[in-house]
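Colleague: Please walk me through this model, starting with its open space.

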Amino acid sequence: MAGTVRSISAPAAAVLAALAAASVVADEGDWPRFLGPSSDSRSPEAPILTRWPEGGPPLVWALEVGEGYSMPSMASGRLYHFDRHGDRARLTARDAATGREIWRTEYPTAYTDYYGYSGGPRASPLIDGDRVYTYGVEGRLRCHRAADGELVWEVDTVARFGVVQNFFGVGSSPAVEGDLLIAQVGGSPPESPPIHSGEVQGNGTALVAFDKTTGAVRWTASDELASYSSPVLATIDGRRWGFLFSRGGLIGFDPRRGSVDFFFPWRARLLESVNAATPVVVADRVLIAETYGPGAALLEVRPGGYEVVWQDGPRDKSLEPHWNTPVHHQGIVYASSGRHKGNAELRAVELATGRVRWRQGGLGRASLLYADGHLLALSEDGSLRLLEASPEAYREVASADLGKRPLTLEGRTRPLLSEPAWNAPVLSRGLLYLLGRDTLVALDLRPAVSEARGPATSPSRRTRRAPVSP
């Protein structure tokens with residue numbers, strides 16, 4: 001039965017006891033939203049385990065889950081996961097250290113994917129103080145009490161704003177700005193044609209800000225349709241900004257009032273294409289990238305406008321991520337580039353110029369997380385790699401094929417992570433959370449005391465160098 005947590009050994013139980021004790025002390029290790037505390041897939045935790053035992057980091061717990069591509073969010077020792085079981089969308093609160101269920105709440109859903117992909121949610125829960133927000137694949141935006149899951153308010157965005165079902169449903173995670181909950185909606189006028197007509201128009205609700213305590217609409221903005229990218233908020237030169245990589249391009253806006261500073265068109269000509277990677281904000285520059293056509297562009301933003309620093313041309317694209325968001329570290333962005341599993345390659349790209357410093361194939365499409373000078377790269381087949389965050393070359397520190405690592409749940413043996421493992425990894429309080437097709441697992445990424453005092457990487461590190469792009 002879905003929801004069973006695998007039992008663990010005595011040594012692992014000791015690990016859990018320590019983690020549980022730590023979870024009630026401080027909130028620095030929280031991962032409260034999609035892509036983490038700073039919405040950029042960067043973890044402040046250090047040090048991390050770099051000498052992996054055979055098979056990969058130790059397993060702390062594993063759980064069978066329902067349909068969906070939603071990664072969990074963590075706060076104050078609790079894990080909130082959003083998935084689908086049959087015709088019910090389910091939000092579950094668990095002890096993050098043990099996987100033990102605390103409460104669950106459900107609602108009916110009838111979403112059917114146009115292309116036969118998962119019928120479950122795509123957006124991650126958003127934790128804000130004593131509230132947890134979910135955004136279902138069918139368009140239901142809900143606010144719950146974190147303590148017990150009680151529903152506080154709900155908005156059916158499809159009915160309220162006339163949203164035409166997108167290619168893969170709703171897949172953008174909301175953001176909180178002060179007393180506002182900002183969501184990408186992308187509604188249309190009544191009696192609009194289906195999305196495949198290519199004739200769907202917007203009705204001024206690309207972005208909608210709700211009162212986060214009541215669900216009342218505070219402002220709406222832009223006629224753009226929805227994408228699968230999530231809004232990002234930042235402070236630039238003392239001013240608050242919001243950025244949304246919508247279906248048609250990048251919207252720069254004031255998150256407090258909803259006024260739009262600029263729109264930068266950036267979309268493939270192909271109708272059945274999506275913008276999915278979340279914008280990367282570094283100082284006053286914003287990187288956007290996609291895989292279906294134009295590639296990547298870097299803008300320098302200012303109130304009321306922008307300047308293009310660089311953008312890909314028709315050939316020799318610098319960066320073409322499918323769904324993964326590029327990760328920035330010390331002037332270099334790292335990302336999986338390529339639309340399909342066979343042609344995807346991991347790349348390191350200079351943010352300021354778009355120059356490719358190195359590229360490495362053979363990983364399939366992968367999602368990245370930065371921690372402690374390293375990149376954790378989860379490939380769609382379930383393989384996990386630890387890499388140096390180096391601009392010089394692809395340097396692999398450790399690896400584990402979790403797709404071939406056996407796991408027994410409810411008397412049935414299966415891979416620890418089954419394909420597709422398409423979700424960005426999560427790191428919170430020393431545990432690395434990964435999601436495969438039907439399992440959510442927690443791995444122990446805390447270093448042993450001896451390693452924490454020793455060198456940052458194993459002396460037996462395997463290094464593969466890829467040629468530098470001209």
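**Pocket and sheet**

The largest pocket holds about 850 Å³ of space. This is a predicted model, in which local features need pLDDT of at least 70 and side-chain atom pairs pLDDT 80 or more, while totals for chains, interfaces and linings use all residues. Residues are numbered from 1 along each chain as its sequence is written, and side-chain values use heavy atoms, without hydrogens and water.

Colleague: Which residues lie nearest the centre of the largest pocket?

Modeller: A pocket here is an open set of points on a 1 Å grid over the protein atoms alone, where a 1.4 Å probe fits, with protein on both sides within 12 Å along at least five of seven lines. Lining residues have an atom within 4 Å of a point. The lining has 33 residues, and those nearest the centre are Tyr-228, Ala-276, His-322, Trp-323 and Trp-422.

Colleague: How many residues of that lining are charged?

Modeller: Asp, Glu, Lys and Arg count as charged, Ala, Val, Leu, Ile, Met, Phe, Trp, Tyr, Cys and Pro as nonpolar, and the others, Gly among them, as polar. The lining divides into 16 nonpolar and 13 polar residues, and the charged ones number four.

Colleague: Which residue in β27 stands opposite Ser-43?

Modeller: Strands are DSSP runs (E, at least two residues), numbered from the N terminus, and two of them pair if DSSP finds at least two bridges between them. β1 (42-43) is an edge strand of the open sheet β1-β27-β28-β29-β30. β1 runs parallel to β27 (residues 366-371) over two bridges. Opposite Ser-43 stands Ala-371.

Note on methods
Helix = DSSP H or I, 4+ residues; strand = E, 2+ residues; numbered from the N terminus. Points joined across faces, edges and corners; volume = space filled by probe spheres on them.
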